[in-house]
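Hi,

Here is the structure I promised to pass on. Have it open while you read, and I'll walk you through what turned up.

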Amino acid sequence: MSAFKSDFLRTLSERGFIHQISDETGLDDLFARETVTAYIGFDPTAPSLHAGGLIQIMMLHWLQQTGHRPIALMGGGTGMVGDPSFKDEARQLMTLDTIADNIASIKRVFASYLSFGEGPKDAVMVDNGDWLRGFNYLEFLRDVGRHFSVNRMLSFDSVKLRLDRQQSLSFLEFNYMILQAYDFVELSKRYGTRLQMGGSDQWGNIVNGVELGRRIANTQLFGLTSPLLTTASGAKMGKTAAGAVWLNEDRLSHLDFWQFWRNTEDADVGRFLKLFTDLPLSEIARLEALAGAEINEAKKILATEVTALVRGRDAAEQAAETARRTFEEGAAAEGLPTIEVASAALADGAYLADLMVQAGLSASKGEARRLIKGNGVKVNDGAVSDEAYKLFASHVGDDGVIKLSAGKKRHALVKLV
């Protein structure tokens, strides 16, 4: 670990955020002597970011907490192309309306982590569509494109891996790295931005921006990436068997979000506390030293602290209490994900597999049937193993709901209307 002089880089290093820096000494000196403006780009490919994107938001959070200015760059322009980095195939192209709707939805999470305003250290949210959509193509090719070597672009891992697997890479996608590089130069002109941060898969794109700044504007820019985040067992962070762990509450309930973090593998607890919470390192050291059954208490604290940052303290505490009642007392607690079903739908019986998909307990009917057949599903805490099992009005308890469980930790309620 390098002995950084600046609070920002020292904080990132101590908490495990740093993978690569383009000029470590130069960037540390810059942060030690002045207020630095830095940015991270977010492409609006969905109405919400997922848990894997939290590491980037936390980097902006710590940037501001140590006295510097963060920029959250929304990809209203680059989103029209789609980042091909380490993807097997092209992203689905989105309409301008979809992009605008996604950006509006994504923005809500940032207010929990950053303080926005007009001051010198207040966060700024910018849309690269403001400059990219108005480009004259010929002028852009002449003024910007001439600084890029196709030979070098083909050597970047994000491109090379796709071509080595003989998977198509469209000319549209190939332009993405040029657009991202230009974003860095444009933000440098408009806001004095000196640093671009991102995940390790963005290293090639970031380096392009650093070099373009030197060639076009004779400006020294810097790049910093965070490590590619996987769990201790090698799974991709922010994904589960049931799908993405969305940050927005309209895509995932407070309880399911809390429960995702509660289910963290033992080996990941300390690392995740450093990356995804702002708890002091001394408290984290105490928590990650817990062993045996006590590690579960550290997982609950992790779940509550992350949920409090994303969804608010009240939502986090409510989710924690719902989980306690449900998992420790076996109660069908209020606050569980709930779906409403018309009474008429249960007259002839509704397939359990269908309701599990509707309740978000499985990603497909096939997966639901496999869970049922494997004795992984309960109805009102009673085991069910018939793939064709149906629910009727008689299953409704005195509390007016039917409780569905997938495994020991995932539950939902069916409410008749």
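Let's start with alanine 319, which sits in helix H16 (residues 313-328). Helices here are DSSP runs of H or I with at least four residues, strands are runs of E with at least two, and both are numbered from the N terminus. Alanine 319 is buried, with a relative accessible area of 3%. Buried means under 20% relative accessible area, exposed means over 50%, and partly exposed is in between, using a 1.4 Å probe and protein chains only. Neighbours within four places in sequence aside, alanine 319 is in contact (heavy atoms within 4.5 Å) with His254, Leu255 and Trp258. From alanine 319 to threonine 45 it is 274 residues in sequence and 28 Å in space, C-alpha to C-alpha.

Before going further, a word on the ground rules. This is a predicted model, where local features need pLDDT of at least 70 and side-chain atom pairs count only at pLDDT 80 or more, while totals for chains, interfaces and linings use all residues. Residues are numbered from 1 along each chain as its sequence is written, and side-chain values use heavy atoms, with hydrogens and water left out.

Next, the inside. A nonpolar core is a set of buried Ala, Val, Leu, Ile, Met, Phe, Trp, Tyr and Cys residues joined through side-chain atoms within 4.5 Å. The largest one has 71 residues, and Trp261 and Phe276 have the most contacts inside it. Helix H3 (residues 54-65) gives the most to this core, namely eight residues. A second, separate core has 28 residues, including Phe148 and Leu212.

Now the sheets. Two strands pair if DSSP finds at least two bridges between them. Strand S3 (residues 69-74) runs parallel to S4, joined by four bridges, and one of the bridge pairs is isoleucine 71 with valine 124.

Which loop holds threonine 193? Threonine 193 is in the one between helix H10 (176-191) and strand S5 (195-199). Threonine 193 is buried too, at 0% relative accessible area. Among its contacts beyond four places in sequence are Thr37, Tyr39 and Ile71.

Strand S15 (residues 410-416) has two partners to look at. S14 and S15 form a hairpin with three residues between them, and glycine 407 in the turn has a positive phi of about 70°.

Last, helix H18 (residues 365-373), whose buried residues are Glu367, Ala368 and Ile372. Down the axis of H18 they fall within an arc of 140°, so they line one face of the helix; the arc is taken from the directions from the helix axis to the C-beta atoms. Turned away from that side are the exposed residues Arg370 and Lys373.

Cheers
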